[in-house]
Amino acid sequence: WSLPATKNCKLILKVDFDDKHMNTTLTIANTGTSAFDFQTLLHTYYNVTGKAALQADQCFVEGLKGYTVIDKVTRDPPRISDEAIISIVGEVDRVYEPPAEQPVVNVTIGVGGNQKLTMEAKGTVDKNIVPVACVVWNPYVETAKGMSDFGDDEYTSMLCVEPGILRNATLEPGKTAVLSQTIRF
């Protein structure tokens, strides 16, 4: 999340889980007297078993077709995704912005060992539904080597799928924003 340092806010992170699902809810409350713009993401890293992050049949994200893609690696102009399945074939750092009619993100994530999870995320600002974007990230070889807090080959065992409120988000005094995700095992 990013907030201007001069603003007052309260953050509450709630996590509950059992053997079938995990719910994560982040609540941001504006406790100040001025509105502020914000962005927030739930940085969810998935362990990909068997170091299978580069195996398209084992590690993938499905459900973002039709989203607008902003590719932070290639810096190509934004485009509408026609990919039914996103897999790791190199460094991936993409923001997927939802179509207006689809504010809730709902994806299937392959995490190796023929295991799949589902993730659903939704957001509100002042109790109004807002679009939830999804970032897909894997640093791949060269970027992983340059990271001091990341093992050189850890990219083979992880996939980051981050739901977030990224678009035109302003929080008025006394109001709250909520970003929640449910991961089903």
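Which residues touch the most other members of the largest nonpolar core? Of its 38 residues, they are Phe-38, Leu-64, Val-105, Met-119, Leu-159 and Val-161. A nonpolar core is a set of buried Ala, Val, Leu, Ile, Met, Phe, Trp, Tyr and Cys residues joined through side-chain atoms within 4.5 Å. Buried means under 20% relative accessible area, exposed means over 50%, and partly exposed lies in between (1.4 Å probe, protein chains only).

This is a predicted model, in which local features need pLDDT of at least 70 and side-chain atom pairs count only at pLDDT 80 or more, while totals for chains, interfaces and linings use all residues. Residues are numbered from 1 along each chain as its sequence is written, and side-chain values use heavy atoms, with hydrogens and water left out.

- Strands (E, at least two residues) and helices (H or I, at least four) are DSSP runs, numbered from the N terminus.
- In soluble globular proteins, nonpolar side chains tend to be buried together.
- Leu-159 touches Thr-44, Tyr-45, Tyr-46, Val-48, Cys-59, Phe-60, Val-61, Ile-88, Ile-109, Val-136 and Trp-137, leaving aside residues up to four places away in sequence. Contact here means heavy atoms within 4.5 Å.

- Strand 15 covers residues 158–165, and eight of its eight residues are buried.
- On one side of strand 15 the buried residues are Met-158, Cys-160, Glu-162 and Gly-164, and on the other they are Leu-159, Val-161, Pro-163 and Ile-165. In a regular strand the side chains alternate between the two faces of the sheet.
- Strand 4 (residues 40–41) runs antiparallel to strand 15 and is joined to it by two bridges, with Leu-41 opposite Gly-164. Two strands pair if DSSP finds at least two bridges between them.
- Strand 5 (residues 45–47) is also antiparallel to strand 15, with three bridges, and Tyr-46 stands opposite Leu-159.
- Strand 14 (residues 133–138) pairs with strand 15 in the antiparallel sense over five bridges, and Trp-137 stands opposite Cys-160.

- Seven of the 10 residues of strand 2 are buried.
- Strand 1 pairs with strand 2 in the antiparallel sense over nine bridges, and Asn-23 in strand 2 is the bridge partner of Asp-16.
- A hairpin of three residues links strand 1 to strand 2.
- Strand 2 also pairs with strand 17, again antiparallel and over nine bridges; Ala-177 in strand 17 is the bridge partner of Ile-28.

- Val-15 lies in strand 1 (residues 9–17), and it counts as partly exposed because its relative accessibility is 43%.
- Lys-72 is found in the loop between strand 7 (68–71) and strand 8 (79–80), and its relative accessible area of 48% makes it partly exposed.
- Lys-72 touches Asp-93 and Val-95, not counting residues up to four places away in sequence.
- The C-alpha atoms of Lys-72 and Glu-91 are separated by 9.9 Å, with the two residues 19 apart along the chain.
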